[in-house]
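Here are my notes on this one, as promised. Have the model open while you read.

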Amino acid sequence: MTRERRRGVLSIDEGTTGTRAAVVLDDGGAAPAAYLPISVRSRDHLLVEQDATEIWVNTVQVCRTALDRAAADGVEITGVSISTQRATVLLWDTVTGTPLSQAVVWQDRRYAARMREWEPEWDAHLIEHTGRPVGSRAPLLWAAEEIAGNEAARRAHDQGRLAFGSIDTWLVWKLTGGARHVMSATNAVALGAYDLRTGDWHGPWVEFLGCPRDVLPRIVDEDDDFGFTDPAVLGVRLPVLSVMGDQHAAMIALGAHRPGQATCVHGTGTFVDAVAGDRPPAHRSRVPGVLTLVGWRSRGVPVFSLEGYASTTGSAMRWLCEEIGLFESPAQLAQLAREHTGPTRVMFLPALAGLRTPVWSPEATGLLTGLSLSTTRAELARGILNGFAHSVCDLLEGVEEAMGRPVTELFCGGGLATSDVLMSSQADLLGRPVRRARDNESASLRGAAYLGGVRAGLWPSVSAAVAGLAAAPAFEPTLPDAERQEARAEWRDLLARHVTVAAPGARPSAPGPRGPEPDPQEESPS
């Protein structure tokens, strides 16, 4: 009796700090991933950059490793899917295929001060058309200034050989040997110039920023025709089945498909995304940092979402362990936090690259407080994880306030979600159950592959792809409601005092039971 050959999708997950690739099999599970880290450089506290060549070289290497493993296991590869960090951009020469700039990472804030001057004129217009205000980051403004000030980029543009794009644009262009210069909707919406109604670039804002239209990629659906891989690159010709922003791919894999369902993904930053329906949601209340996004576009039909994010949670964990050396590793921090079972006065605000929700303040800084001579490392670890949990509360409360209704189900994933202490703290401070999805570490890989696999015929729908996975276990709240409200009040008091001192230009409102009242939103990340 011959065994039926298994099929799968080669899936690439291009994150901010690492590149991984794995084959997602037709049972919905992912094979072990090949992984390589990516360096991130900050020349000062506002600039954050990466080497696009390093990203490309790492991508090819992990893909070849994953393909070799699939061949050894007898798995038939039906195509390639890609999920990427969003709003990280670069320029390259379409003839030589080489980058003409560093990749400017979504955490970069070099334009924050200048862009505040445009808020009175542009905020209301942009919120209506693009789902977000001016914000503090403008990739298209960067492109315009790079073309003007970078001699190689200016020369390439004059010769008609310059391309601009985010990481998905770059990878698709390289994988197809330059056959496609496109950007998926979930990545385009993160650049701040995507028109929610037309599904194309918003002309007035593009023109104001000065970005030449001829360098912009064409915006396409997440499961559009992305062409085929060049055999010279991966050694095989495969269709590129789907391309998505990483948080949106995670929504699909973690099970947030219907309005009211939401995900909380702990990666480099922490992102809360709620499905809003097939039309751009009308914000019941304008909440700082809560954005209207395209959840995904499939076969011409959009699904919209609302998102709030804290940009430095996972990266704050790395900073605490690797840069400052307070802990040997995130695993040690999580283990120490388990050992502290009592209350703690330690509070950690992970605003190492500004604050967005519940107060918009790009200049805000992080804070570690409540220390005394009796503070132990275990208590310190517990306070740090509690700070992450409070940030999740701020984000979810903001999304719910903007949506005008509660989130009915919250599925969690990402590296930090492996901590039982963090999951329990989230449930306690939210006062509701929190579900940690199975295999959540591979969510972005699997979500992009599920959408691509539907196109390739592996599954009839994304819901069917998820249906075969084990149910997500729930963490139930155990903290009495009075103690929960007291803890949240202390956190809001900390924010009010610190942001006022750290960032005089911040615009907080008087905090209420669900955070500040209406205030400008912020830009979308990766």
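1. Ground rules. This is a predicted model, where local features need pLDDT of at least 70, side-chain atom pairs count only at pLDDT 80 or more, and totals for chains, interfaces and linings use all residues. Residues are numbered from 1 along each chain as its sequence is written, and side-chain values use heavy atoms, with hydrogens and water left out.

2. Start with S311, in the loop between β15 (301-310) and α11 (314-323). Helices (H or I, at least four residues) and strands (E, at least two) are DSSP runs, numbered from the N terminus. Buried or exposed? S311 counts as buried because its relative accessibility is 3%; the cut-offs are under 20% relative accessible area for buried and over 50% for exposed, with partly exposed in between (1.4 Å probe, protein chains only).

3. What does S311 touch? Leaving out residues up to four places away in sequence, the list is W106, Q107, T268, G269, A353, G354 and R356, with contact meaning heavy atoms within 4.5 Å. With R356 there is also a side-chain polar contact of 3.2 Å. (A polar contact is a pair of N or O atoms within 3.5 Å; within protein, one must be able to donate a hydrogen and the other to accept it, and residues adjacent in sequence count only if both atoms are side-chain atoms.)

4. Next, have a look at α6 (residues 167-175): 9 of its 9 residues are buried. Among them are D168 and K174, as well as W170 and W173. Just after α6, G177 has a positive phi of about 65°.

5. Now α13 (residues 377-403) and α14 (residues 420-430). They pack at about 45°, axes 9 Å apart, which makes α13 oblique to α14. Axes are lines fitted to C-alpha atoms, for helices over the stretch in contact, and angles run from 0 to 180 degrees between N-to-C directions. Under 35 degrees is roughly parallel, over 145 roughly antiparallel, 65 to 115 roughly perpendicular and the rest oblique. On the α13 side the contact includes L385, F388 and V392; on the α14 side, including L422 and L429.

6. Finally, α4 (residues 139-149) and α5 (residues 151-158): their axes come within 5 Å and cross at roughly 95°, so the two are roughly perpendicular. E146, I147, A148 and G149 of α4 meet E151, A153, R154 and H157 of α5.
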